[in-house]
Amino acid sequence: AQAMADQTYSNPPNNIMPVSGITWVDLTGGAKLNLESDWSGSGLLVVKGGTLQMTGGTFNGIIYVLDGDLHMAAGGPTINGSIFVECGADLTKVAGTPDINFNQGVIDSTFSLWDGDSGGSSSLGGYRIVSWEEVR
């Protein structure tokens with residue numbers, strides 16, 4: 001996956017740009033990536049390790065947190081697409097007023113970035129969305 005990335009960052013500054021196509025971010029040594037206010041991105045954002053903290057901004061596509069933490073806090077980030085988090089449930093914190101909008105069209109076009117399938121019928125590294133449940 002990392003080899004296919006359009007952008008690769010290691011312990012980047014807050015509000016990294018650009019984030020489009022496939023973006024891979026490595027966070028080591030307990031690093032945190034903050035995405036705030038006017039930030040925007042699209043495509044597939046993979047964050048490995050550390051903590052991805054979103055307090056604002058807009059993302060269209062799939063956010064995939066691998067072996068790390070996801071925190072959403074006050075400020076109201078907007079995600080149009082989907083979020084995957086591979087970590088313990090107690091490490092994912094959603095607070096404030098995030099707006100997470102499942103969008104099948106955005107997800108299909110993001111999957112096509114991964115494998116070149118313009119039909120969006122494929123899966124991300126063996127993962128496929130088979131259902132969606134809104135939990136309140």
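The legends below describe several views of one predicted model.

**View 1. The whole chain and its elements.** Residues are numbered from 1 along each chain as its sequence is written. In this predicted model, local features need pLDDT of at least 70 and side-chain atom pairs count only at pLDDT 80 or more, while totals for chains, interfaces and linings use all residues, and side-chain values use heavy atoms, with hydrogens and water left out. The protein chain has 1 helix and 10 strands, where helices (H or I, at least four residues) and strands (E, at least two) are DSSP runs numbered from the N terminus. Along the sequence the pattern reads β-β-β-β-β-β-β-β-β-β-α. Of the 136 residues in the protein chain, 44% are buried, a term that stands for under 20% relative accessible area, with exposed meaning over 50% and partly exposed in between (1.4 Å probe, protein chains only).

View 2. An open sheet of 6 strands runs in the order β1-β2-β4-β6-β8-β10 with parallel pairing, and two strands are said to pair if DSSP finds at least two bridges between them. Because β1 (7-10) and β10 (99-102) stand at the edges with a single partner strand each, one side of each is left without a neighbour in the sheet.

**View 3. Strand β1 beside β2.** Strand β1 is joined to β2 (residues 22-26) by 4 bridges, and the two run parallel; within this pair, Ser 10 stands opposite Asp 26 of β2. In a regular strand the side chains alternate between the two faces of the sheet.

View 4. Gly 81 belongs to strand β8 (residues 78-86), and because its relative accessibility is 0%, it counts as buried. Leaving aside neighbours within four places in sequence, Gly 81 is in contact (heavy atoms within 4.5 Å) with Gly 61, Asn 101, Phe 102, Asn 103, Val 106 and Ile 107. Strands β8 and β10 pair in the parallel sense over 4 bridges, and the bridge partner of Asn 80 in β10 is Asn 101.

**View 5. The nonpolar cores.** A nonpolar core is a set of buried Ala, Val, Leu, Ile, Met, Phe, Trp, Tyr and Cys residues joined through side-chain atoms within 4.5 Å. The largest one has 19 residues, and those with the most contacts inside it are Val 25, Leu 45, Leu 52, Met 54 and Ile 63. Two or more residues come from each of β3 (32-35), β4 (40-48), β5 (51-54), β6 (58-66) and β7 (69-72), and the largest share, 3 residues, comes from β6. Apart from this core lies another, of 10 residues, among them Ile 22, Trp 24, Leu 44 and Leu 66.

**View 6. Confidence along the chain.** The pLDDT, which is the predictor's confidence in each residue from 0 to 100, averages 79 over the protein chain, and 73% of the residues score at least 70. Where pLDDT is low, the predicted coordinates should not be read in detail.
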